[in-house]
Amino acid sequence: MARDVNESLARVFGLSAEEYARVLDIMGRTPSLTELGVFSVMWSEHCSYKSSRVWLKLLPTTAPWVILGPGENAGVVDIGDGLAAIFKMESHNHPSFIEPYQGAATGVGGILRDVFTMGARPVANLNALRFGDPALPRTRRTIDGVVRGIGGYGNCVGVPTVGGEINFHPSYNGNPLVNAMTVGIAPADRIFLSAAAGVGNPVVYVGSKTGRDGIHGATMASAEFGQDSEEKRPTVQVGDPFVEKLLIEACLELMATDAIVAIQDMGAAGLTSSSVEMAGKGDVGIVLDLDAVPQRETGMSAYEMMLSESQERMLIVLRPDRQEVARAIFAKWELDFAVIGHLTDTGRIVVTHRGVVEADIPLAPLAEQAPLYHRPTVDTPQPAPLGEVADPVGLEAALLRLLGCPDLCSRAWVWDQYDSTVGGQTVRRPGAADAAIVRIEGSRRALALTTDCTPRYCQADPEAGGAQAVAEAWRNITATGATPLAITDNMNFGNPEKPEIMGQFAAAIRGMAAACVALDFPVVSGNVSLYNETEGRPILPTPAIGGLGVLADAAASVGLALPRDCCLIVIGATVGHLGQSLWLREVAGREDGPPPPVDLAAERRNGDFVRREILAGRVRACHDASDGGLLLAVVEMALAGDVGAGLLPAPGGVASHAFWFGEDQGRYVLAVQDALAMLQAAAAAGVPALLLGVSGGKDLTLPTGDTISLARLRAVHEQALPSLMGG
Amino acid sequence: MKAGIVVFPGINRERDMAIALEAAAGHKPRMVWHHETDLAGLDLVVIPGGFSYGDYLRCGAMAAQSPVMGAIRAHAARGGHILGVCNGFQILTEAGLLPGALLRNASLRFLSMDCWLRVERADTDFARHYQPGAVFRSPMAHGDGNYFADDATLDRLEGEGLVAFRYVTQEGAVTPEANRNGSARNIAGLYSPNLRVLGLMPHPEDLVDPLMGGTDGKPLFDGLAAALAA
């Protein structure tokens, strides 16, 4: 690859003219091709967070239970009993558009490695997916490929996929979002970090061989799509979940010894980012001999090896006296193991290949002089108030339309393709509760896990939407009886060089930060995906939140399945907010008004009350009222329990359609046996509560007296997605 | 009951199986690495679910050629008990210890859901804690569970009473709707002629604890532990 290194090549590699000038300044000469490659990926948006870092600092990241916040491969929280939960969510948006199956599959593989590289056995996968207009064939092809990819990888590695969410909107037509989350469990005192230490210590490469796949993937993920996006297919990596499974077992076996000094997976920007970050964090130098790198293709150049994003690879700094112990473990699992370098005291990364020094870069300036942008922002204008919206169709017709619309219909078609039970610890599977419940093997404890975001709220008001995403994750965990502990965030936005996009980002962060503080729900890890635009059209701002909570006793959790002979009570105030609601979009055909406000004090008060009542054993089922409002919440509970319900009229002062379909926040629908006691307890706690109806039978009886059989509701709910996808 | 779980690279339900076996037998099973060739002393050899060797060839085809398979065949020849679940069932058919083959699901999609199984005979060491004709719930999770054999083989299996479990409705009816993967004659599990080898696609080991939604799978392991008690 004899290419002249100059500013124009730097531009092709994604560096600006100013950034290239800084490279020249640091190097004091024209960089080699390999060196330019290293700078371009390390300074890409994907690796450097150059546009987002100034804003991410506003997020709260500490709490007494936080062991490690952002900065390592994943966040770590104390979950009691000497155990830690390690988790993170990460995007694979751009690859999943170009090649849906492999893009999604390697997204799962990458986030798994981020978690087990820290010493945790992965125990659960979740995801947050956004697709375009489902009427388009391209969208259906993307959905099919992404779902197969997530299943193909997760099912094979044997980590249950226990939860997730899916939204549809035309803004994702050319830019689907695939955000994958992994949660693992480790002893709290056995967390492995990436900072290299010990001059002379061997640097070891393990896992799959290196090929030419994914070269410049991180750069591709840091640019908008144009009409040539199909040509970028070669930048997508190819996953091998079988090798990943072996790598998990081999790494965990090695981690049970005292051989590891530092370890990091080779994710975006592969060997470059892992070696640069490990050495940089440890304040040491590193020498790499690329001739020793296991290769699956012949004639690879230094540039190609340093930039390859071949999957299922890890870089480890070992104690020299434990090298043979480690080698034997990887031999047992039939994985490549190669000493490819050692640590030095030079503070430089030196890469040699066939006796030639291909790169020699000082590490400190590479990190410290990485670009950092305070990009201009423009605030999103406040949406005009919605005003009165008349009900054009009535409750029954609106319910049926909403129940079968893409954003609310049953996701069983998707879940049924994910192994949700492997491991034997899944207490509440997808759709059974507001958060998935996964018990910790050999313990009574369980994790409550969810992913949440409502992009249409974020589009209308990014600050309110950011707060709402965090609040909904907190609420979904609370609705199972679990105590919310921390979140991981996956910030998916458009082109940050546009002030209105950067304004969305900044406002979403402000809203999230306020909610995190009010709810004691800090951010411990995360990922930023920008440039989610195709031909200049950005996605809806989508700050996806992955939430984690803990239950001291898995048996105390509740699901959403409605039991018979219960009273339905809504906790939280209902004013009938229809702005940005699904009713407004699907029934009235409008996408306007402000999103529902999030009153964080009320959110906290209502949730703490609900959790207390669940743990006291006074709640038989619980479901938060969110998309689609109260009536959808009740119907989802009825379908999950296969038990009908009869509903009372809306209280005076709120129009019936606004009461049943409004999306006021901070609300939970509870099924209880003693309604009076619950209403009194709520009053005593200063929490609004209202009786909605009673459960029983096999029909839903609306306040109008109209009756719809559960069978009919189920057919509408469950057939929508399969018929969309052609079975 | 001395049980051993065979661990091929890529197997992923060995932990689930170990939990179910320990709950039934009162002690941990032995984990058998795929290079081992001596299974002496084991009453029960279990081949659990997963993706042995990645299953990049036909499911189970690589595992059927692995070093431990000779010992498993010898164990079968000695009249030892063998339980193959999911990938384990696929491996047993590839190794010729059970007839037929497991093809891609008829829908060509991975299927992860609960199914209902009918106990076709209860006079075996595996099913003795179920009632004959009982219907029980079991999770299943596979892409290749569509049992296939030629008609003559199917007739013989039926005639000799070697069908262990069938996919049925909750009420016990054999219907196409209950047979999600498209298996011939709704067959979910099969016995060897001596009734000592059982292969089945669903995962009763994942339903042995009320917390996970039920204990429908527990009688299978309790029955084995009782039958094989020293």
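Ala681(A) lies in helix α24 of chain A, which covers residues 675-685; here helices (H or I, at least four residues) and strands (E, at least two) are DSSP runs, numbered from the N terminus. Leaving aside neighbours within four places in sequence, Ala681(A) is in contact with Phe609(A) and Glu613(A), where contact means heavy atoms within 4.5 Å. Between Ala681(A) and Glu613(A) there are 68 residues of separation along the chain, while their C-alpha atoms are 8.9 Å apart.

The model is predicted, so that local features need pLDDT of at least 70 and side-chain atom pairs count only at pLDDT 80 or more, whereas totals for chains, interfaces and linings use all residues. Residues are numbered from 1 along each chain as its sequence is written, chains are lettered from A and ligands numbered from 1 in the order in which they are written, and side-chain values use heavy atoms, with hydrogens and water left out.

**Two packed helices in chain A**

Helix α7 (residues 100-116) and helix α8 (residues 137-157), both of chain A, pack at an angle of about 35 degrees with their axes 7 Å apart. Axes are lines fitted to C-alpha atoms, for helices over the stretch in contact, and angles run from 0 to 180 degrees between N-to-C directions. The crossing of α7(A) and α8(A) is right-handed, a word used if the near helix is turned clockwise from the far one by less than a right angle, with left-handed for anticlockwise. Among the residues of α7(A) in this contact are Tyr101(A), Ala104(A), Val108(A) and Leu112(A), and those of α8(A) include Thr142(A), Gly145(A), Ile150(A) and Tyr153(A). By class, the contact of α7(A) with α8(A) has 10 nonpolar, six polar and three charged residues; Ala, Val, Leu, Ile, Met, Phe, Trp, Tyr, Cys and Pro count as nonpolar, Asp, Glu, Lys and Arg as charged, and the others, Gly among them, as polar.

**A buried aspartate**

Asp265(A) belongs to strand β8 of chain A, residues 260-265. With a relative accessible area of 5%, Asp265(A) is buried, a label for values under 20%, while exposed means over 50% and partly exposed lies in between (1.4 Å probe, protein chains only). Not counting residues up to four places away in sequence, Asp265(A) touches several residues, including Asn73(A), Arg113(A), Asp114(A) and Arg313(A).

**Salt bridges**

| Pair | Closest N and O atoms |
|---|---|
| Glu165(A) and Arg130(A) | 2.7 Å |
| Glu36(B) and Arg30(B) | 2.8 Å |
| Arg429(A) and Asp114(B) | 2.9 Å |

Glu165(A) in strand β5 (residues 161-168) and Arg130(A) in strand β4 (residues 121-131) are 35 residues apart, and their pair links distant parts of chain A. Glu165(A) is buried at a relative accessible area of 13%, and Arg130(A) is buried at 0%. In chain B, by contrast, Glu36(B) is partly exposed at 26%, and Arg30(B) is partly exposed at 31%.

Asp114(B) is partly exposed, with a relative accessible area of 26%.

**Where chains A and B meet**

In the contact between the chains, 35 residues of chain A meet 31 residues of chain B. The area buried between them is about 2,600 Å², of which carbon and sulfur atoms give 50%; buried area is the accessible area (1.4 Å probe) that two parts lose on being put together, summed over both. In chain A, Phe242(A), Asp416(A) and Arg429(A) lose the most area to chain B, together 20% of what that side buries. Five salt bridges are found across this interface, and Arg429(A) forms a salt bridge with Asp114(B).

**Positive phi angles in chain B**

Cys86(B), in the loop between β4 (81-85) and α3 (87-94) of chain B, has a phi near 60 degrees, a positive value in a residue other than glycine. Cys86(B) is buried, with a relative accessible area of 6%. Leu108(B), which is not a glycine either, has a positive phi of about 65 degrees and is found in the loop between β5 (101-103) and β6 (111-119) of chain B. At 49% relative accessibility, Leu108(B) counts as partly exposed.

How values were computed. Salt bridge = Lys/Arg side-chain N within 4 Å of Asp/Glu carboxyl O.
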